[in-house]
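I open this notebook to record, entry by entry, what I looked up in the structure. The entries follow the order in which I consulted it.

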Amino acid sequence: KPLVFSGVQPTGNLHLGNYLGAIRKFVALQETHDCIYCVVDLHSITAQLVHDDLVEQTRSITAAFLASGIDPKKHIVFNQSRVPQHAELAWIFNCVARIGWMNRMTQFKDKAGKDRENASLGLLAYPSLMAADILVYRATHVPVGDDQKQHLELTRDIAAKFNNDFSARIASLGLGVEMEMGEETVNGFFPLTEPLIEGPATRVMSLRDGSKKMSKSDPSDLSRINLTDDADTISKKIRKAKTDPEPLPSELDGLKERPEAENLVGIYAALSERSREDVIAEFGGQQFSAFKPALADLAVDRLAPIAAEMRRISADRAFVDSVLRDGGERAGAKAEATMKGVREIIGLLAD
Ligand code: TYM
């Protein structure tokens, strides 16, 4: 049965990239799938152990989920650390995955920087915990932005190696389902999860530099639109967004080699739920002095209600905490069912 899982780290402000690349898709998938959405607090301590406001950030991401339209009754919303089975499965995956696989992760190389020997072991093992998040529910589909693609490939590699290394035990315990793996059929316990990376905004770029992705950690606040920005701030940031001097092209092809223009057109398309072709058909030939105000109006129109709803929900801290507690209980029951199987397959002594 298809099951969606995804996670967002509680570090820094949520921005338009998080919204268009991920959260908005979380909302849409609720119509067709059972969904589990997680605030991944254990991931946020991999880069920096001590956070003053981890609790507040966790609540704030939860409020953003709810304000965007995620229904915590029909689906599950919780914070990762409440369900210790994530960390338990991550440990087992640390023993399945190879150090070389982790060393090849571009996000690790970026985040660790030059002094790799001094990065936390958690930062290196980050993708193992991410695979555990997904596979502890045996989720089949994971909506994410383009930057998470490599991590999802690794998740499939871990699932495939586990299925393969334990295929005989999985079959003899009757815990598997038959799965095609290239030439052979294996008795798989974990599904080979599919990433969902689609649409015009899988990689929203910085408003100040079309070659860098929009990110929580960019020192310039002008580089991103935060979900909590007010209307004036949103308009100002779009007005100041870097562009080239040419008008918008009349064909989609004309956006090649024009990363800033391409980014703004992609944002417009995503916010208006139209294709980039459509946007070019409407605005092709126009100057940015005409396109930017239209984009600013659209962005304010779509984001302001979410910001207002976030403020309203955040004010009721007891409600937010109760959503996470309830979600954690329901997630925990599912995760424990998977872990019973995993412990048996591995051969750990348990009752
Ligand atoms: P995080 O917290 O950095 O980002 C949350 C989601 O936002 C997407 N995203 C973007 N999409 C488009 N353009 C951008 N500029 C942009 N920046 C961020 C991310 O791709 C992500 O979907 N490792 C994950 C969290 C995680 C997770 C998981 C995700 C932990 N476990 C299991 C899926 C499944 C991360 O750091 O996302």
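**Entry 1: lysine 74.** I located lysine 74 in the loop between helix H2 (54-68) and strand E3 (76-79). Helices (H or I, at least four residues) and strands (E, at least two) are DSSP runs, numbered from the N terminus. Lysine 74 counts as exposed because it has 9 C-beta neighbours inside 10 Å. On this scale a residue is buried if 20 or more other C-beta atoms lie within 10 Å of its own, exposed if 12 or fewer, and partly exposed in between, with C-beta atoms placed from the backbone. From lysine 74 to phenylalanine 288 I noted 214 residues in sequence and 43 Å in space, C-alpha to C-alpha.

**Entry 2: the model.** I note that this is a predicted model, in which local features need pLDDT of at least 70, side-chain atom pairs count only at pLDDT 80 or more, and totals for chains, interfaces and linings use all residues. Residues are numbered from 1 along each chain as its sequence is written. The protein chain averages a pLDDT of 96 (the predictor's confidence in each residue, from 0 to 100), and 100% of the residues score at least 70. The scores for the model are ipTM 0.99 and pTM 0.97.

**Entry 3: positive phi.** Most residues other than glycine have a negative phi. I looked up two residues with positive values. Arginine 138 has a phi near 50° and lies in the loop between H6 and strand E4 (141-143). Is arginine 138 buried or exposed? Arginine 138 is buried, since 21 other C-beta atoms lie within 10 Å. Glutamate 273 has a phi near 55° and sits in the loop between helix H10 (259-272) and helix H11 (276-283). With 12 other C-beta atoms within 10 Å, glutamate 273 is exposed.

**Entry 4: H10 and H11.** I then examined the two helices on either side of that loop. Their axes (lines fitted to C-alpha atoms over the stretch in contact, with angles from 0 to 180 degrees between N-to-C directions) come within 9 Å and cross at roughly 110°. H10 and H11 are therefore roughly perpendicular to each other, a label that covers 65 to 115 degrees. Val265, Gly266, Tyr268 and Ala269 in H10 meet Arg276, Val279 and Ile280 in H11, contact requiring C-beta atoms, placed from the backbone, within 7 Å.

**Entry 5: the ligand.** Around the ligand I found 24 residues, of which Gly7, Gln9, Gly17, Gly21 and Gly145 come nearest; a residue is near if its C-beta atom, placed from the backbone, lies within 6 Å. Strand E1 (3-8), helix H1 (16-29) and helix H6 (121-135) each supply at least two residues of this shell.

Note on methods
Angles under 35 degrees count as roughly parallel, over 145 as roughly antiparallel, 65 to 115 as roughly perpendicular and the rest as oblique. Two residues are in contact if their C-beta atoms, placed from the backbone, lie within 7 Å.
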